[in-house]
Amino acid sequence: MVIKMKATEWIPALSTGSLDTASLKAMYSAGLRAIEISTKPELYPQIDWQRLTCDSERIGIKLWSLHLPFYGPRRVDISTTDSDMRSYSLELMREYIAKSGDAGIRICVIHPSTEPNPIGEGRDELIDISSESLASLADYAAKYGVTIAVEELPRTCLGNNSSELLRLISKNDKLRVCFDTNHLLGEDHRSFIEAVGKKIITLHVSDYDFLNERHWLPGEGKIDWVGVIDALEEVGYDGVLLYELGLTPPNTIDRRELTYADFYNNYLSLVNKRPPEVFGKPIAEVCLKNAYVQPK
(Lines give C-alpha, C1' and ligand atoms only; values in the text may rest on other atoms or scores of the structure.)
Protein backbone atom coordinates (compact mmCIF):
# COMPACT_ATOMS: atom_id res chain seq x y z
CA MET A 1 0.00 0.00 0.00
CA VAL A 2 1.32 3.43 -0.99
CA ILE A 3 -0.26 6.34 0.86
CA LYS A 4 1.57 9.39 -0.42
CA MET A 5 -0.96 11.86 0.91
CA LYS A 6 -4.01 11.34 3.10
CA ALA A 7 -7.33 12.43 1.65
CA THR A 8 -7.64 15.10 4.33
CA GLU A 9 -4.63 16.79 2.70
CA TRP A 10 -6.32 17.07 -0.72
CA ILE A 11 -7.59 20.59 -1.19
CA PRO A 12 -11.23 21.23 -2.22
CA ALA A 13 -11.66 22.39 -5.81
CA LEU A 14 -14.37 23.04 -8.38
CA SER A 15 -14.63 22.86 -12.16
CA THR A 16 -16.36 26.09 -13.17
CA GLY A 17 -17.06 28.63 -15.84
CA SER A 18 -17.91 31.32 -13.27
CA LEU A 19 -14.65 33.22 -13.52
CA ASP A 20 -15.71 36.71 -12.48
CA THR A 21 -14.09 38.26 -9.42
CA ALA A 22 -17.23 38.04 -7.26
CA SER A 23 -17.65 34.32 -7.93
CA LEU A 24 -14.02 33.56 -7.13
CA LYS A 25 -14.35 35.46 -3.86
CA ALA A 26 -17.54 33.55 -3.01
CA MET A 27 -15.80 30.23 -3.69
CA TYR A 28 -12.91 31.17 -1.44
CA SER A 29 -15.23 32.34 1.33
CA ALA A 30 -17.03 28.98 1.19
CA GLY A 31 -13.77 27.07 1.64
CA LEU A 32 -12.84 26.17 -1.94
CA ARG A 33 -9.16 26.68 -2.74
CA ALA A 34 -8.70 25.75 -6.41
CA ILE A 35 -10.59 25.70 -9.68
CA GLU A 36 -10.58 24.04 -13.05
CA ILE A 37 -11.55 26.43 -15.82
CA SER A 38 -14.30 24.83 -17.89
CA THR A 39 -16.97 26.59 -19.90
CA LYS A 40 -18.91 26.46 -23.16
CA PRO A 41 -16.64 26.21 -26.22
CA GLU A 42 -17.77 29.55 -27.60
CA LEU A 43 -16.81 31.32 -24.36
CA TYR A 44 -13.15 30.29 -24.27
CA PRO A 45 -12.03 33.20 -26.49
CA GLN A 46 -13.65 35.59 -23.99
CA ILE A 47 -11.54 34.49 -21.02
CA ASP A 48 -9.53 37.39 -19.62
CA TRP A 49 -6.41 35.45 -18.71
CA GLN A 50 -4.49 38.37 -17.22
CA ARG A 51 -7.35 39.44 -14.95
CA LEU A 52 -8.07 35.83 -13.97
CA THR A 53 -4.44 35.20 -13.03
CA CYS A 54 -4.30 38.39 -10.95
CA ASP A 55 -7.60 37.60 -9.24
CA SER A 56 -6.60 34.05 -8.39
CA GLU A 57 -3.35 35.20 -6.79
CA ARG A 58 -5.01 38.03 -4.86
CA ILE A 59 -7.99 35.97 -3.65
CA GLY A 60 -6.12 32.75 -2.95
CA ILE A 61 -7.84 30.47 -5.47
CA LYS A 62 -5.32 28.31 -7.32
CA LEU A 63 -5.78 27.87 -11.07
CA TRP A 64 -5.35 24.10 -10.87
CA SER A 65 -6.35 23.01 -14.37
CA LEU A 66 -7.94 23.96 -17.66
CA HIS A 67 -10.45 21.66 -19.31
CA LEU A 68 -9.56 22.02 -22.98
CA PRO A 69 -12.62 22.89 -25.11
CA PHE A 70 -14.89 19.97 -25.98
CA TYR A 71 -17.63 19.96 -28.57
CA GLY A 72 -20.46 17.84 -29.91
CA PRO A 73 -19.94 14.96 -32.32
CA ARG A 74 -17.30 15.52 -34.99
CA ARG A 75 -17.01 19.29 -34.58
CA VAL A 76 -13.62 19.17 -32.88
CA ASP A 77 -12.08 15.74 -32.45
CA ILE A 78 -8.43 14.68 -32.07
CA SER A 79 -9.35 11.08 -32.94
CA THR A 80 -11.07 11.72 -36.27
CA THR A 81 -9.92 10.07 -39.49
CA ASP A 82 -10.52 13.43 -41.22
CA SER A 83 -6.97 14.81 -41.32
CA ASP A 84 -8.09 18.41 -41.88
CA MET A 85 -10.45 18.31 -38.92
CA ARG A 86 -7.78 16.63 -36.80
CA SER A 87 -5.22 19.30 -37.70
CA TYR A 88 -7.70 22.04 -36.82
CA SER A 89 -8.55 20.30 -33.52
CA LEU A 90 -4.90 19.92 -32.54
CA GLU A 91 -4.13 23.54 -33.35
CA LEU A 92 -7.05 24.66 -31.18
CA MET A 93 -5.80 22.49 -28.30
CA ARG A 94 -2.28 23.90 -28.67
CA GLU A 95 -3.64 27.45 -28.50
CA TYR A 96 -5.23 26.86 -25.09
CA ILE A 97 -2.36 24.77 -23.78
CA ALA A 98 -0.09 27.76 -24.41
CA LYS A 99 -2.52 30.14 -22.73
CA SER A 100 -2.68 27.79 -19.74
CA GLY A 101 1.06 27.63 -19.40
CA ASP A 102 1.37 31.39 -19.59
CA ALA A 103 -1.27 31.70 -16.83
CA GLY A 104 0.62 29.32 -14.56
CA ILE A 105 -1.81 26.42 -15.00
CA ARG A 106 0.02 23.12 -14.92
CA ILE A 107 -2.67 20.61 -15.98
CA CYS A 108 -4.83 20.54 -19.11
CA VAL A 109 -7.64 17.97 -19.17
CA ILE A 110 -8.59 16.63 -22.59
CA HIS A 111 -11.22 14.35 -24.10
CA PRO A 112 -9.60 11.68 -26.29
CA SER A 113 -12.62 11.59 -28.61
CA THR A 114 -16.17 12.70 -29.23
CA GLU A 115 -18.95 10.16 -29.79
CA PRO A 116 -20.51 7.96 -31.05
CA ASN A 117 -17.74 5.55 -31.99
CA PRO A 118 -17.80 1.96 -33.23
CA ILE A 119 -17.51 -0.74 -30.57
CA GLY A 120 -15.90 -3.30 -32.87
CA GLU A 121 -14.39 -2.83 -36.32
CA GLY A 122 -12.79 0.57 -36.80
CA ARG A 123 -12.32 1.34 -33.11
CA ASP A 124 -8.65 0.35 -32.99
CA GLU A 125 -7.88 2.80 -35.80
CA LEU A 126 -9.48 5.63 -33.83
CA ILE A 127 -7.55 4.67 -30.70
CA ASP A 128 -4.30 4.75 -32.67
CA ILE A 129 -5.11 8.17 -34.14
CA SER A 130 -6.09 9.58 -30.76
CA SER A 131 -3.00 8.19 -29.06
CA GLU A 132 -0.77 9.81 -31.70
CA SER A 133 -2.57 13.12 -31.24
CA LEU A 134 -2.25 12.91 -27.46
CA ALA A 135 1.45 12.06 -27.69
CA SER A 136 2.13 15.12 -29.84
CA LEU A 137 0.13 17.38 -27.50
CA ALA A 138 2.04 16.05 -24.49
CA ASP A 139 5.35 17.09 -26.05
CA TYR A 140 3.96 20.50 -26.98
CA ALA A 141 2.52 21.03 -23.50
CA ALA A 142 5.82 20.16 -21.85
CA LYS A 143 7.37 23.27 -23.45
CA TYR A 144 4.95 25.33 -21.35
CA GLY A 145 5.35 23.33 -18.15
CA VAL A 146 1.91 21.76 -18.68
CA THR A 147 0.87 18.11 -18.29
CA ILE A 148 -1.92 16.64 -20.40
CA ALA A 149 -4.44 14.65 -18.34
CA VAL A 150 -6.56 12.36 -20.53
CA GLU A 151 -10.08 11.94 -19.18
CA GLU A 152 -11.78 8.56 -19.18
CA LEU A 153 -15.17 8.92 -20.86
CA PRO A 154 -18.51 7.06 -20.90
CA ARG A 155 -20.58 5.12 -23.40
CA THR A 156 -18.91 4.62 -26.84
CA CYS A 157 -16.26 7.32 -26.28
CA LEU A 158 -12.65 6.23 -26.54
CA GLY A 159 -11.09 5.56 -23.15
CA ASN A 160 -14.24 4.21 -21.50
CA ASN A 161 -12.29 1.71 -19.38
CA SER A 162 -8.83 1.40 -17.84
CA SER A 163 -7.43 -0.91 -20.52
CA GLU A 164 -8.39 1.39 -23.37
CA LEU A 165 -7.29 4.52 -21.53
CA LEU A 166 -3.87 3.03 -20.85
CA ARG A 167 -3.57 2.31 -24.58
CA LEU A 168 -4.40 5.94 -25.33
CA ILE A 169 -1.61 7.27 -23.12
CA SER A 170 0.94 4.57 -23.99
CA LYS A 171 2.79 6.48 -26.73
CA ASN A 172 4.16 9.22 -24.50
CA ASP A 173 5.17 8.78 -20.87
CA LYS A 174 4.40 12.45 -20.22
CA LEU A 175 0.68 11.72 -20.50
CA ARG A 176 -1.40 11.39 -17.35
CA VAL A 177 -5.07 10.74 -16.46
CA CYS A 178 -8.06 12.68 -15.19
CA PHE A 179 -10.33 10.22 -13.37
CA ASP A 180 -14.01 11.13 -13.72
CA THR A 181 -15.89 9.21 -11.05
CA ASN A 182 -19.24 9.24 -12.90
CA HIS A 183 -18.10 7.97 -16.28
CA LEU A 184 -17.43 4.28 -15.65
CA LEU A 185 -20.28 2.21 -17.08
CA GLY A 186 -18.60 -1.17 -17.44
CA GLU A 187 -15.84 -1.27 -14.82
CA ASP A 188 -15.87 -0.79 -11.07
CA HIS A 189 -14.04 2.13 -9.49
CA ARG A 190 -11.46 0.18 -7.52
CA SER A 191 -10.42 -1.87 -10.57
CA PHE A 192 -9.98 1.31 -12.61
CA ILE A 193 -7.99 3.11 -9.92
CA GLU A 194 -5.72 0.13 -9.28
CA ALA A 195 -5.06 -0.35 -13.02
CA VAL A 196 -4.27 3.30 -13.78
CA GLY A 197 -2.60 4.00 -10.42
CA LYS A 198 -0.11 6.84 -10.24
CA LYS A 199 -1.05 8.06 -13.71
CA ILE A 200 -4.09 9.73 -12.12
CA ILE A 201 -3.13 13.34 -11.39
CA THR A 202 -6.53 15.02 -11.13
CA LEU A 203 -10.18 14.18 -10.57
CA HIS A 204 -13.67 15.06 -11.74
CA VAL A 205 -15.84 14.20 -8.74
CA SER A 206 -19.59 13.60 -8.99
CA ASP A 207 -22.08 10.79 -8.41
CA TYR A 208 -24.37 8.72 -10.63
CA ASP A 209 -26.66 5.69 -10.83
CA PHE A 210 -24.35 3.44 -12.94
CA LEU A 211 -26.85 3.75 -15.83
CA ASN A 212 -25.36 6.85 -17.44
CA GLU A 213 -23.27 9.85 -16.43
CA ARG A 214 -25.31 12.13 -14.16
CA HIS A 215 -23.03 14.68 -12.44
CA TRP A 216 -24.87 14.52 -9.11
CA LEU A 217 -23.45 15.60 -5.77
CA PRO A 218 -21.62 12.73 -4.01
CA GLY A 219 -24.14 10.88 -1.87
CA GLU A 220 -26.99 11.33 -4.35
CA GLY A 221 -25.98 8.29 -6.40
CA LYS A 222 -24.58 4.80 -5.87
CA ILE A 223 -20.80 5.29 -5.63
CA ASP A 224 -19.07 3.78 -2.61
CA TRP A 225 -17.17 6.92 -1.68
CA VAL A 226 -15.19 5.43 1.17
CA GLY A 227 -13.99 2.75 -1.24
CA VAL A 228 -13.03 5.32 -3.87
CA ILE A 229 -11.14 7.50 -1.38
CA ASP A 230 -9.36 4.46 0.07
CA ALA A 231 -8.33 3.25 -3.39
CA LEU A 232 -7.01 6.68 -4.40
CA GLU A 233 -4.98 6.91 -1.20
CA GLU A 234 -3.59 3.43 -1.78
CA VAL A 235 -2.22 4.30 -5.24
CA GLY A 236 -0.66 7.50 -3.89
CA TYR A 237 -2.98 10.10 -5.37
CA ASP A 238 -1.76 13.56 -4.33
CA GLY A 239 -3.90 16.01 -6.32
CA VAL A 240 -7.05 17.90 -5.41
CA LEU A 241 -10.63 16.77 -4.80
CA LEU A 242 -12.26 18.58 -7.69
CA TYR A 243 -16.03 18.60 -8.17
CA GLU A 244 -17.47 18.64 -11.68
CA LEU A 245 -21.16 19.47 -11.43
CA GLY A 246 -23.20 22.61 -11.66
CA LEU A 247 -25.08 24.53 -9.01
CA THR A 248 -28.32 24.03 -10.96
CA PRO A 249 -29.59 20.42 -10.81
CA PRO A 250 -29.89 18.42 -14.06
CA ASN A 251 -33.31 17.09 -15.04
CA THR A 252 -32.46 13.64 -13.64
CA ILE A 253 -32.63 14.70 -9.98
CA ASP A 254 -35.04 16.60 -7.76
CA ARG A 255 -33.25 19.07 -5.49
CA ARG A 256 -32.58 22.70 -4.79
CA GLU A 257 -29.72 24.65 -6.32
CA LEU A 258 -26.40 24.01 -4.65
CA THR A 259 -24.18 26.60 -3.01
CA TYR A 260 -20.40 26.73 -2.89
CA ALA A 261 -20.67 25.89 0.81
CA ASP A 262 -22.44 22.64 -0.13
CA PHE A 263 -19.34 21.55 -2.03
CA TYR A 264 -17.06 22.33 0.89
CA ASN A 265 -19.28 20.49 3.38
CA ASN A 266 -19.48 17.52 1.03
CA TYR A 267 -15.70 17.59 0.69
CA LEU A 268 -15.30 17.40 4.47
CA SER A 269 -17.51 14.31 4.55
CA LEU A 270 -15.68 12.56 1.71
CA VAL A 271 -12.12 13.11 2.90
CA ASN A 272 -13.06 12.12 6.46
CA LYS A 273 -14.88 9.06 5.07
CA ARG A 274 -18.27 9.97 6.47
CA PRO A 275 -21.62 9.66 4.64
CA PRO A 276 -22.29 13.02 2.94
CA GLU A 277 -25.55 14.88 3.42
CA VAL A 278 -28.01 14.01 0.66
CA PHE A 279 -29.98 16.83 -0.97
CA GLY A 280 -31.44 15.29 -4.09
CA LYS A 281 -33.66 12.40 -5.09
CA PRO A 282 -33.10 10.86 -8.53
CA ILE A 283 -36.10 11.01 -10.86
CA ALA A 284 -36.41 7.34 -11.83
CA GLU A 285 -38.49 7.74 -14.98
CA VAL A 286 -36.09 10.28 -16.49
CA CYS A 287 -33.04 8.20 -15.54
CA LEU A 288 -34.51 5.08 -17.11
CA LYS A 289 -35.47 6.95 -20.26
CA ASN A 290 -31.91 8.04 -20.99
CA ALA A 291 -30.09 5.06 -19.47
CA TYR A 292 -27.15 3.80 -21.52
CA VAL A 293 -26.73 0.69 -19.35
CA GLN A 294 -29.98 -1.16 -18.76
CA PRO A 295 -30.72 -1.79 -15.08
CA LYS A 296 -30.50 -5.38 -13.90
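**Close-up views of a predicted model**

A search of the whole structure finds zero disulfides (a disulfide being a pair of cysteine sulfur atoms within 2.5 Å). The structure is a predicted model, in which local features need pLDDT of at least 70, side-chain atom pairs count only at pLDDT 80 or more, and totals for chains, interfaces and linings use all residues. Residues are numbered from 1 along each chain as its sequence is written, and side-chain values use heavy atoms, with hydrogens and water left out.

**View 1. Cysteines C108 and C157.** A disulfide is a covalent bond between the sulfur atoms of two cysteines. C108 is in no disulfide, and its nearest cysteine sulfur, that of C178, is 12 Å away. For C157, the closest cysteine sulfur is also in C178, at 14 Å, which is too far for a bond. C108 is buried, with a relative accessible area of 0%, and C157 is buried, with a relative accessible area of 5%. Here buried means under 20% relative accessible area, exposed over 50%, and partly exposed in between (1.4 Å probe, protein chains only).

**View 2. The open sheet.** Eight strands form an open sheet with parallel pairing, in the order β7-β6-β5-β4-β3-β2-β1-β8. The edges are held by β7 (200-204) and β8 (241-243); each has a single partner strand, so one side of each is left without a neighbour in the sheet. From one strand to the next, the twist averages 30°. Strands (E, at least two residues) and helices (H or I, at least four) are DSSP runs, numbered from the N terminus. Two strands pair if DSSP finds at least two bridges between them.

**View 3. Strands β4 and β5 with two helices.** Strand β4 (residues 107-110) runs parallel to strand β5 (residues 147-151), and four bridges join them. I110 stands opposite V150 in β5. Helix α3 (residues 83-102) packs on the sheet, where it touches β3 (62-67), β4 and β5, and its direction makes about 155° with that of β4. Helix α4 (residues 123-142) lies across β4 and β5 and runs at about 150° to β5. Axes are lines fitted to C-alpha atoms, for helices over the stretch in contact, and angles run from 0 to 180 degrees between N-to-C directions; contact means heavy atoms within 4.5 Å.

**View 4. Strand β1 and its partners.** Five of the five residues of strand β1 (residues 12-16) are buried. P12, L14 and T16 point one way from the strand, and A13 and S15 the other way. β1 pairs with β8 in the parallel sense over three bridges, and the bridge partner of P12 in β8 is L241. Four bridges join β1 to strand β2 (residues 34-37), also in parallel; in β2, E36 is the bridge partner of S15. The chain crosses from β1 through helix α1 (residues 21-30) to β2 in a right-handed β-α-β crossover: with the strands pointing away from the viewer, the path from the first strand over the helix to the second runs clockwise.

**View 5. Helix α1.** The buried residues of α1 are S23, L24, M27 and A30. Seen down the helix axis, they fall within an arc of 125° (taken from the directions from the axis to the C-beta atoms), so they line one face of α1. Their cover includes β1, β2, α2 (49-59) and α8 (260-271). A22 and S29, on the other side of α1, are exposed. G31 follows α1 and has a positive phi, near 115°.
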